[in-house]
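Please consult the sequence and the structure shown below while reading.

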Amino acid sequence: MHLKSVLLAVTLAASLTVPASAASFSCAGVTAPDEVAICKSCDLAQLDVKMATLYGVITKLVGMGQRGMIQDDQRAWLVERATCKGDAACISNAYQTRIRAIEGMLSDIYSRGPF
């Protein structure tokens, strides 16, 4: 089966196994304004789950050195997302930008196929 199809299936399965309003992190006791906004919004929670799933996939497909850079980028992105505070549009834009970045990395891996 083609890697892209497998990754799509994993992404879809992950999003279907999580309740519609659940984020990729526990919402119990969150106090950071960006996390509170994500926990209160089904749309933001779905973006969070999609990004977390893609992040999980990409970190499994790359070597240790590149994985470290991706993890550093993710930590920097979380700091950037936090600057949105509770602004849902800002948080959504941050997720969409990060998702596109990860999808770009995955596309680069796909282009080196076949697997």
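## Contacts between α3 and α5

Helices here are DSSP runs (H or I, at least four residues), numbered from the N terminus. In α3, the residues L44, L47, D48, K50, M51, L54, Y55, V57, I58 and L61 meet α5. Their partners in α5 are A88, I91, S92, Y95, Q96, R98, I99, I102, E103, M105, L106 and I109; contact means heavy atoms within 4.5 Å.

The model is predicted: local features need pLDDT of at least 70 and side-chain atom pairs count only at pLDDT 80 or more, while totals for chains, interfaces and linings use all residues. Residues are numbered from 1 along each chain as its sequence is written, and side-chain values use heavy atoms, with hydrogens and water left out.

## Geometry of the pair

The axes of α3 and α5 come within 9 Å and cross at roughly 25°. Such axes are lines fitted to C-alpha atoms, for helices over the stretch in contact, with angles from 0 to 180 degrees between N-to-C directions. The crossing makes α3 roughly parallel to α5, a term for angles under 35 degrees. The crossing of α3 past α5 is left-handed, in that the near helix is turned anticlockwise from the far one by less than a right angle.

## Position of T59

T59 lies in α3, which comprises residues 42-61. Leaving aside residues up to four places away in sequence, T59 touches R67 and I70.

## The buried face of α4

Helix α4 (residues 64-82) has 19 residues and reaches 27 Å from its first C-alpha to its last, close to the expected 27 Å at 1.5 Å a residue; the expected span is 1.5 Å times one less than the number of residues. I70, Q74, W77 and R81 are buried in α4. Seen down the axis of α4, its buried residues fall within an arc of 65°, so they line one face of the helix; the arc is that of the directions from the helix axis to the C-beta atoms.

These buried residues of α4 pack against α2 (33-40), α3 and α5 (88-111). On the other side of α4, M64, G65, M69 and V79 are exposed.

The buried residues of α2 include D34, A37, I38 and C39. Among the elements covering the buried residues of α2 are α3, α4 and α5.

K85 is placed in the loop between α4 and α5 and is exposed, with a relative accessible area of 53%. Its phi is near 55°, a positive value in a residue other than glycine. Most residues other than glycine have a negative phi.

Notes. Helix = DSSP H or I, 4+ residues; strand = E, 2+ residues; numbered from the N terminus. Buried < 20%, exposed > 50% of the residue type's maximum accessible area, 1.4 Å probe, protein only. Parallel < 35°, antiparallel > 145°, perpendicular 65-115°, else oblique.
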